[in-house]
Amino acid sequence: MAINDPENREEEEEAAAAEDEDTGAQVAPIVRLEAVEVINGEENEDAILDLKSKLYRFDKDGNQWKERGAGTVKLLKHKETGKVRLVMRQSKTLKICANHLVLPTTSVQEHAGNDKSCVWHAADFSDGELKDELFCIRFGSVDNCKKFMETVEEVAESQQPEKEENKDASNAAGLLENLTVKDKTEEGKEVKEASADAPKKEEKEPEKAAESEEKKEEASPASST
């Protein structure tokens, strides 16, 4: 039976300890990686809504709902134009599965039979071209679904035409109405003037008739002699 030499054992332990000891030497990396700024197109927008959800689109050909992806749905308001768009990206791949503007006509309704889901129509641009899509989105709670519906409704109302444009339109309508009333007033004035002049003409006509009769009477004795 082999017996280990204590001296050899100590040497092995010392060698192992020397290998584990940190010498403080630094090894420079072969490739240096620099920080790269990732641009996602949302730099000029402020997020007014950010919720986790799962999105579906209705397949007209197959007559069924198909999953678009699970991730975060956002409502982004542009800092300059004030326009708001809905953007949703998949959580792992960050692939865009919904991208469209929230218009005054955008209407979100609760999905029948599920108070955590809602549906809406939109002209979507997530695939690089405008498509009329019917979306359905499902949230983890009823509160998040209500919050999404209320926020979209508020945004849609805020995207209505500006009050100044309506004011200009009403002013233009008022001017047209004033012109119409003025025209009618002038017409009425002309009618009144015409009716007022009519008796004067009638008065002059009998005078002319009397003068002509007098001339006839004066001429008649001369002709008899």
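Two strands count as paired if DSSP finds at least two bridges between them, and I kept this in mind while looking through what is a predicted model.

**Sheet order.** I looked up how the strands are arranged, and found seven of them in an open sheet with antiparallel pairing, in the order β4-β3-β2-β1-β7-β6-β5. At the edges I noted β4 (96-101) and β5 (109-110), each of which pairs on one side only.

**β1 with β7.** Next I followed strand β1, residues 45-59, to its antiparallel partner β7, residues 131-139, and the two are joined over five bridges. Within this pair I found Ser53 standing opposite Phe139 of β7.

**β7 with β6.** I then asked myself how many bridges link β6 and β7. The count is eight, again in the antiparallel sense, and here Ser117 faces Arg138 in β7. The hairpin of these two strands has six residues between them, among which I looked up Gly128, whose phi is positive and near 90 degrees.

**Cover.** Is β6 mostly covered or mostly open? I found it mostly covered, since six of its eight residues are buried. Finally I traced helix α2 (residues 142-158), which lies across β1, β2 (64-78), β3 (84-90), β5, β6 (117-124) and β7, and runs at about 110 degrees to β1.

Notes
Residues numbered from 1 in each chain as written. Predicted model: local features only at pLDDT ≥ 70, side-chain atom pairs only at ≥ 80, totals over all residues. Heavy atoms only, no water. Helix = DSSP H or I, 4+ residues; strand = E, 2+ residues; numbered from the N terminus. Contact = heavy atoms within 4.5 Å. Axes fitted to C-alpha atoms, helices over the stretch in contact; angles between N-to-C directions. Buried < 20%, exposed > 50% of the residue type's maximum accessible area, 1.4 Å probe, protein only.
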